[in-house]
Amino acid sequence: MHDACFALHFITYLTHFSAHLSPSNQMMGQEHISYINKYDTLSIAYLCDPNESSLETALAMAEGSPATFEKESELLDQVNEIDLLVIASPNFMHTPQLLRWGQHHITILCEKPAAISEKQVNALKAAQAHLKANIWIAMEYRFMPAINKLVQLLPHIGPIKKVAIRENRYPFLTKIEEWNKDVDKSGDTLVEKCCHFFDLFRLITAMEMASCVSKVHRGLLSDHYGYDVTDDKVIPIIDSAYVLLDFEPDAPGKNASQQSVLGCLELCMFAEGSRHQEEIIVTGMRGRLEAYLPENKVFLYQRPTSLWTDKSKPPPQGSFSEEVFDCSDLRQVYDFVDELPSMHAGYHYCSTAIEWKYLIDAIHDAAEGGKFVPKVSLDDGIKAVEMGIAGLNNITNGDSTSTNVTAHISKSEDNLLNLVLNSAVFDELKLNVQQ
């Protein structure tokens with residue numbers, strides 16, 4: 001760190017990094033900048049983006065006078081002056097950038113997903129133990145007030161048996177060169193979008209997925225996404241899906257058939273105007289929790305008590321209870337709200353603001369001699385991607401096929417992955433940026 005107050009003076013925003021890009025809104029990168037601006041202990045020293053319009057937009061938002069670069073190699077030359085790197089690039093760039101920057105003693109906040117293909121996942125797993133950087137994967141859904149409250153209340157419902165997550169939403173927004181509609185750049189929808197939800201399944205169940213099966217639709221939004229005007233033989237991204245999952249405890253001596261948890265993910269990308277965009281329902285042996293967004297409320301139900309005496313009839317109204325938690329008041333969820341700067345809600349119900357609070361605390365703890373403990377580790381990010389890839393590899397309905405994602409990266413970046421996968425000692429590799 002660069003002063004006694006552990007101020008993060010060197011924050012880098014590495015945005016959509018690819019050649020010949022056209023302007024886009026860059027929603028997540030701009031959201032990060034808007035929160036960084038709120039903290040007196042943070043300052044943005046550098047911005048890197050090959051797209052002039054995107055770079056100008058970021059520069060106009062950032063407070064102070066950060067230096068700007070168009071090439072990642074120019075930014076990497078400044079690595080010794082950087083405390084925290086924010087990676088908000090297209091999905092297919094995340095793994096190569098983590099491998100390059102992860103060799104340095106810095107902190108990295110990397111947008112999800114950590115990887116998009118099996119090869120990228122394997123490269124990260126091979127390198128993971130040798131990376132020097134403190135890495136935090138930005139899966140901020142964990143910190144959405146209603147979702148976090150639901151997790152806090154899990155002990156009230158007894159052993160969990162079923163978890164259902166539903167997202168009813170609008171189609172993907174326009175991005176630079178529409179990379180988020182390209183399977184080999186996004187990882188496809190079950191990775192690009194649903195890694196958030198797979199992460200939540202793991203968080204809620206405290207178990208790992210044992211198996212899954214998927215039913216999906218592709219191409220329903222071809223006109224909306226512009227596939228119909230391209231000459232390429234494009235594989236459309238997934239527009240709707242059901243993924244059924246089994247979670248089993250990894251503990252000896254337990255009967256997995258009795259202790260397992262069933263999961264169901266439902267995704268619809270053409271459901272604008274739905275009452276709820278996200279719904280999470282967790283059912284235990286003693287009760288049930290329901291979280292709804294954007295309503296931002298959690299409902300806790302307790303199963304019938306001893307008042308249900310006549311089992312030949314449905315339980316009477318007074319035999320079970322309902323408790324409602326309004327999480328639009330952050331004080332219902334977090335005890336450090338007064339420590340936050342005046343924040344806007346952003347696109348994710350204040351969850352990105354909460355993420356930054358936790359991240360700054362983790363950096364301060366490490367600077368004072370403690371251990372850097374991310375709320376969402378690189379391992380968490382990898383496992384969420386692996387679940388998405390498993391969903392893609394286990395599509396069973398006849399009108400859609402599984403896809404083998406080959407990440408769209410340059411030859412030098414593919415060589416980087418090969419070096420990591422083929423080298424016994426990652427620390428000895430000289431993995432330089434080649435543009």
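Which residue in E3 is the bridge partner of Tyr46? The legends below, which describe close-up views of a predicted model, begin with this pair.

**Figure 1. Strands E2 and E3 are joined by bridges and run parallel.** The bridge partner of Tyr46 in E3 is Ala67. Strand E2 covers residues 42–48 and strand E3 covers residues 67–69, with 3 bridges between them. The chain passes from E2 through helix H2 (residues 52–61) to E3, and this β-α-β crossover is right-handed. Strand E2 is mostly covered, as 6 of its 7 residues are buried.

**Figure 2. Lys71 lies in the loop between E3 and helix H3 (72–76).** Is Lys71 buried or partly exposed? Lys71 has a relative accessible area of 46%, and is therefore partly exposed, a class that falls between the limits of 20% and 50%. Asn51 stands 20 residues from Lys71 along the chain, and the C-alpha atoms of the two are separated by 10.0 Å.

**Figure 3. Eight strands form an open sheet with mixed pairing.** The order of the 8 strands is E8-E9-E10-E7-E11-E12-E13-E14. At the edges are strand E8 (208–218) and strand E14 (321–326), each of which pairs on one side only. Neighbouring strands of this sheet are turned against each other by 10 degrees on average, direction ignored. In general, the strands of a sheet pair through backbone hydrogen bonds, either parallel or antiparallel.

**Figure 4. Strands E11, E12, E13 and E14 follow one another in the order of the sheet.** E11 and E12 run antiparallel and are joined by 6 bridges; they form a hairpin with 2 residues between them. Within this pairing, Ile280 has Ala291 in E12 as its bridge partner. E12 and E13 also run antiparallel, with 6 bridges joining them, and in E13 the bridge partner of Arg288 is Tyr301. The hairpin of E12 and E13 has 3 residues between the strands, and Asn296 in the turn has a positive phi of about 60 degrees. Strand E13 (residues 297–302) is joined to E14 by 6 bridges, and these strands run antiparallel. Val298 has Phe325 in E14 as its bridge partner. Because 6 of the 7 residues of strand E12 (residues 287–293) are buried, this strand is largely enclosed by the rest of the structure.

**Figure 5. Helices H9 and H13 lie across strands that include E8 and E9.** Helix H9 (residues 195–205) lies across E7, E8, E9, E10 and E11, and runs at about 155 degrees to E7. Helix H13 (residues 378–393) lies across E8 and E9, running at about 50 degrees to E8. At 1.5 Å a residue, the 16 residues of H13 should span 22 Å, and the end C-alpha atoms are 22 Å apart, which agrees. H13 is mostly covered, with 12 of its 16 residues buried. Among the buried residues of H13 are Leu378, Ile382, Val385, Met387 and Ile389, and also Asp380.

**Figure 6. Trp356 belongs to the largest nonpolar core.** This core has 126 residues, of which Ile108 and Trp356 touch the most other members. Which residues does Trp356 touch, not counting residues up to four places away in sequence? Trp356 touches His32, Tyr35, Ile36, Tyr39, Leu42, Leu84, Val86 and Leu109.

Terms used. Residues are numbered from 1 along each chain as its sequence is written. This is a predicted model: local features need pLDDT of at least 70, side-chain atom pairs count only at pLDDT 80 or more; totals for chains, interfaces and linings use all residues. Side-chain values use heavy atoms; hydrogens and water are left out. A nonpolar core is a set of buried Ala, Val, Leu, Ile, Met, Phe, Trp, Tyr and Cys residues joined through side-chain atoms within 4.5 Å. Buried means under 20% relative accessible area, exposed over 50%, partly exposed in between (1.4 Å probe, protein chains only). Contact means heavy atoms within 4.5 Å. Two strands pair if DSSP finds at least two bridges between them. Helices (H or I, at least four residues) and strands (E, at least two) are DSSP runs, numbered from the N terminus. Axes are lines fitted to C-alpha atoms, for helices over the stretch in contact, and angles run from 0 to 180 degrees between N-to-C directions. The expected span of a helix is 1.5 Å times one less than its number of residues. A crossover is right-handed if, with the strands pointing away from the viewer, the path from the first strand over the helix to the second runs clockwise.
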